[in-house]
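Welcome! Have a look at the structure first, then try each task before reading on.

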Amino acid sequence: MSSLKHHTDYFRGKSHSELAEQFTRDEEKSTWHDGALWWIRQKRDKISKQIPEWEELREAASAIKSHLLSNLHDYLIQFEENLKKNGVHVHWAANAEEHNNIVYNILKSKGITELVKSKSMLTEECHLNEFLQERGIGVMNSDLGEYIQQIDHEPPSHVVLPCIHKRKEEIGELFHEHLGTEKGLSDPTLLTRAARKHLREVFLTRRGALTGVNFAIAETGEFVVCTNEGNADMGAHLSEVHIACMGLEKLIPKKEHLSVFLRVLARSAIGTPITIYSSHFRKPRPGQEMHVVLVDAGRSRQLGRTDFRDSLKCIRCGSCMNTCPVYRKGGGLSYHNTVTGPIGAILAPNLDMKRHYDLPFASTLCGSCSNVCPVKINIHEQLYKWRQVIVREGYAPQSKAVAMKAMAKTFSSPSLFGTAGKMGRWIIRTIPSLAR
C-alpha cells in the first residue's frame with residue numbers, strides 16, 4: 001500500500017474535530033503526546049534565554065524574510081543565475097504535478113530506479129514518493145522519523161519530529177515486522193542501530209539522492225540542509241545525481257544572513273544550540289549531477305494575500321506545534337494536511353479552502369504560537385482572519401457561520417455581552433444541580 005493511498009484512506013474526508021477525537025480516545029497516548037511536546041517547548045524557553053540577544057535575532061530574522069518576500073522576483077533570478085554559474089541544473093515547477101514530473105524525468109534519463117530521500121516536507125506536500133513508486137521507482141526515506149512513518153504507511157505528523165505521536169513500543173513492533181528485530185524490543189538506542197544498519201546498505205547502493213532545502217542563498221547560489229542524523233550528507237555525497245527540491249520562500253538574500261537563521265532554527269525546533277549537521281551544497285563534485293527544483297505550488301497566491309503573506313516567512317521549526325494546546329492534545333494527523341499545527345492551518349486554506357475550511361477554527365487563539373515563532377509570524381491573528389474569509393466566502397457550515405455572526409454581535413454590544421454573561425453564569429450554576 002502506498003502512503004498516498006493510506007493517507008486518503010486514513011482521513012476519508014473527516015474533519016479536524018473528528019480526527020482529533022479519534023486520537024484522544026486513547027487518553028493515555030494523548031496525554032503522553034501533550035507532555036512530550038510541552039517538554040520540548042520548555043527546552044526551547046530555557047535555551048533561548050541563554051542568549052541575551054534572542055529577541056533581536058527574532059526581529060532580524062523576521063526583517064530579513066520581509067525584505068526577501070518584498071523582492072522575491074529579483075532574488076529568484078539572482079539565485080538561478082548563480083546556481084547555473086556553479087554548474088547546477090535549474091528547474092521551475094508551478095505545481096506538484098510539474099515538480100513530480102521533473103524529478104521523474106531526471107531519474108529516468110539516468111536510468112535510476114532507486115532513490116534515497118532525506119526529509120523534505122515539500123515532496124510530502126507533492127506526494128512525490130507515491131508518484132515515483134507508481135512509475136516503478138523505489139523511494140526510501142532516510143530520516144529515521146520519516147522512515148518509521150513510511151513503513152507504517154502514514155504521513156508525517158510534525159515537520160521536525162515526524163513520528164512524535166508514536167511511542168517506542170509501537171516503533172518496536174514496526175521494526176519487528178519490517179526489520180526482523182526481536183519482538184518486544186523498545187530500547188531507542190537498539191532500534192536506532194537496527195535502522196542504521198538497514199539504511200547503510202541503501203546509502204551505498206542508491207545512485208540517486210534527493211534532499212530538501214532549509215535555506216537557499218541568492219547571493220552565492222548555494223543551499224543549506226540541516227539534519228541531526230547526517231542522512232542528507234550520506235545520500236548526496238554517495239550519489240551520482242543529487243536533486244534538491246525547495247519552495248520559493250526558502251531563499252535568503254545573503255550568506256551573512258544565514259547565521260541568524262541557524263541560531264534560531266534549532267533552538268526553536270528542539271531546544272538545542274544548533275543543528276548537528278548544517279551541510280552546504282554549492283557545486284556538484286566531479287562526475288556528479290546536481291539539480292535544484294524551485295516550486296511554487298500556491299506560494300505566489302499566498303504572497304498576494306496581504307493578510308497572510310507573512311506565513312511564507314516560516315522556517316519549518318515546528319515551535320508553534322510544540323506549544324499549541326490543540327495540536328498537543330489532538331495530534332498532528334488530525335490536521336489532514338502535510339504541514340500541521342497552527343502554521344499549517346494558515347497555509348492549508350490557501351491551497352484548498354473547501355477541503356481545509358475547518359483548520360483555522362482548530363485553535364484557541366491564545367497567541368502562544370505567535371509568541372514562540374522565531375520569525376515573528378502573527379499566527380493567531382492570521383487564523384482569526386482566515387475564519388472571517390472562510391465564513392465570508394461561504395465555505396463554513398451554516399451553523400458555524402450563524403454562531404460566528406452571533407458572537408460578533410454579542411462582543412460588539414456591551415448590553416448583549418452583559419446579558420450573555422449572566423445567562424452563562426446561570427447555566428453553570430443550574431446544570432450541575434439538575435444533574436444531581
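Let us begin with a pair of residues: Phe223 stands opposite Phe281 in strand 9. Before the exercises, please note that this is a predicted model, in which local features need pLDDT of at least 70, side-chain atom pairs count only at pLDDT 80 or more, and totals for chains, interfaces and linings use all residues. Residues are numbered from 1 along each chain as its sequence is written, and side-chain values use heavy atoms, with hydrogens and water left out.

**Exercise 1. Work out how helix 10 and helix 11 pack.**

Step 1: Take the geometry. The axes of helix 10 (residues 168–178) and helix 11 (residues 188–205) are 11 Å apart, at an angle of about 35 degrees.

Step 2: Name the residues in contact (heavy atoms within 4.5 Å). Helix 10 brings Lys168, Ile171, Gly172 and Phe175, while helix 11 brings Pro188, Leu191, Ala194 and Ala195.

Step 3: Sort them by class. This contact has six nonpolar residues, one polar and one charged. Here Ala, Val, Leu, Ile, Met, Phe, Trp, Tyr, Cys and Pro count as nonpolar, Asp, Glu, Lys and Arg as charged, and the others, Gly among them, as polar.

**Exercise 2. Is Gly247 buried or exposed?**

Step 1: Locate Gly247 in strand 7 (residues 241–247).

Step 2: Apply the cut-offs: buried means under 20% relative accessible area, exposed over 50%, and partly exposed in between (1.4 Å probe, protein chains only). Gly247 has a relative accessibility of 3%, so Gly247 counts as buried.

Step 3: List the contacts. Apart from neighbours within four places in sequence, Gly247 touches Leu122, Val295 and Arg299.

**Exercise 3. Compare two salt bridges, Lys84 with Glu80 and Arg206 with Glu114.**

Step 1: Recall the rule: a side-chain nitrogen of Lys or Arg lies within 4 Å of a carboxyl oxygen of Asp or Glu. The structure holds 26 salt bridges.

Step 2: Take Lys84 and Glu80, whose N to O distance is 3.5 Å. They are four residues apart in helix 5 (residues 72–85), which means about one helical turn separates them.

Step 3: Take Arg206 and Glu114, with their closest N and O atoms 3.0 Å apart. This pair links distant parts of the chain, 92 residues apart: Arg206 is in the loop between helix 11 and strand 4 (208–211), and Glu114 is in strand 2 (residues 114–117).

Step 4: Check the accessibility. Arg206 is buried at 14%, whereas Glu114 is partly exposed at 34%.

Terms used: Axes fitted to C-alpha atoms, helices over the stretch in contact; angles between N-to-C directions. Helix = DSSP H or I, 4+ residues; strand = E, 2+ residues; numbered from the N terminus. Pairing = 2+ DSSP bridges.
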